[in-house]
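Have a look at the sequence and the model first.

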Amino acid sequence: MLLFYSLSLMLLFCISAAMTGENNAAMNDAEILAELGVKACVPRPTIEPPPPVTVERPDPGQHPCPEGVVPQPIERRVPKGRPGHEASFAQKSSGLGAVAFAPAAVAKYYYSGAYQFVISPGTSAFITQHLPWLLPSDYHSLAEMAVQSADTRQIVEVGWTVDREVNGDDNPHLFVYHWVDGAGTCYNGCGWVQASPTRFPGMRLAYDGTAFQYMIQYREGNWWIGYLGEWIGYFPGSLWNGIYTQSGLIQWFGELAAAAGTTLPLSSIGNYYPGTSGNPNTAQMSQISFFDSAGGLQPATVLFRNTDNALYSAGAGSSLDGFSYGGHGGAP
C-alpha cells in the first residue's frame, strides 16, 4: 500500500511539473509576442486581398506565430493628431459606439509634405525610413500617407512612427490608424484585421534611409493596407457603415507632435535635413501614385503643404514623381 501511495505521489508530481513547464513556456511565448507588439496569434482571415503589387522584397519578414496563424497587433490607445490639421481630436476607445474622451494634453503639430485632391480608392508611395531626433518632452515624429474622404472626416493611414508611448522605445515602427466621423480610434487596432504572417503594425523597422513601399486601397468592401508589396491586413468597411469607399483628398507627409506649449520645436521630421535643402540624403517620398477604378496605378500631381517653411519644409525630390521633406525645427 505504501508503495502504491508513493508511486501515486510521484505521478502527481510529474504531471504538475509538466503542467508548470507548459505554463511557463506559454508565458514566455506571450512575453516574446508582447515585445514584438503582438497581442495574440489568430486565424488568417478568409477574405482575399487585392491583387499583389510586385516589388522587390528586401527580407523575408518576421515569423512570430506558428504556421497557419497570423500575429494580431496590440492596440495602442494614444491620442493622435488629425492629418493636415494642427489640433488633436477626441479619441474613441473602440468601435463606432464607444464613448469619446479628450486627450490629457493637446500636442502642437508640425507638417512637411504634399497633398492632392483626387477621387480614388487609394494610393501607393515609396517612403524612406529614418530615425529622427525626438526631444524627450515631444510625442512623436512620423512619416505617413493618409486617404481621406472629401469632408476629411473619414481617414485611413499607414506609415512609420517614432513614439515612445506607443512603441516603448526610440525606434521607428510600422503603424496603421483610422478615423470615423472625425474621431480618432487607436493605433494598430480598433477593428484592424491582420492577414500577413510576417509583417504587421507595430513591428520594428529598419532606418537606414531605404525607401519601402506603402499602400492603401479600398477593395470589395474593405480598406486594405500594404507594405513591401504585400497586403498585410485591412480595416473593414463596416467600421464606416459602408459609406466610406473612396478618397476626396490624399496626403503624404512627415509630422512632428511636439509638447503642448512649444514655441520653437527642436525635434526632427525625416532625417534632420529640410526638404528644400537640396541635400541628396534628405528624406524622400517617391513613386507617388493613386489607384484607379480598375486597380491600376496612376501618377499623382502633388501640391506642397508645410506648417512653417522656416522649420520644416517639402520640396522637389530626386525624382519627378516624388518630393523631399523634413527639417530640424529650431535646432542648430
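Let's start with a link between two cysteines: Cys186 and Cys190 are joined by a disulfide, with 2.2 Å from S to S. A disulfide here is a pair of cysteine sulfur atoms within 2.5 Å. Keep in mind that this is a predicted model, where local features need pLDDT of at least 70, side-chain atom pairs count only at pLDDT 80 or more, and totals for chains, interfaces and linings use all residues. Residues are numbered from 1 along each chain as its sequence is written, and side-chain values use heavy atoms, with hydrogens and water left out.

**The Cys186–Cys190 link**
- The torsion about the S-S bond of Cys186 and Cys190 is about 130 degrees, so this disulfide is right-handed.
- Cys186 and Cys190 are both buried (buried means under 20% relative accessible area, exposed over 50%, and partly exposed in between, using a 1.4 Å probe and protein chains only).

**The Cys41–Cys65 link**
- The structure holds two disulfides, and Cys41 with Cys65 forms one of them, the sulfur atoms sitting 2.0 Å apart.
- The link of Cys41 and Cys65 is left-handed, at -85 degrees about the S-S bond.
- Cys41 is in strand E1 (residues 38-43) and Cys65 is in the loop between E1 and strand E2 (69-73), so the pair ties together parts that are 24 residues apart in sequence.
- Cys41 counts as partly exposed, at 29% relative accessibility, whereas Cys65 counts as buried, at 10%.
- Number the bonded cysteines of the chain in sequence order and the pairing reads 1-2, 3-4.

**Asn167**
- Asn167 has its place in helix H2 (residues 164-167); helices (H or I, at least four residues) and strands (E, at least two) are DSSP runs, numbered from the N terminus.
- With a relative accessible area of 15%, Asn167 is buried.
- Leaving aside residues up to four places away in sequence, Asn167 touches Thr161 and His173 (contact means heavy atoms within 4.5 Å).

**The chain as a whole**
- In secondary structure, the chain comes to two helices and 20 strands.
- The chain has 332 residues, and 52% of them count as buried.
- Among contacts in the chain with a separation of 6 or more, 73% are between residues 24 or more positions apart.
- The chain's accessible surface comes to about 14,700 Å², and 59% of that belongs to carbon and sulfur atoms; the areas come from the Shrake-Rupley method with a 1.4 Å probe, and for residues only the protein chains shown count as cover.
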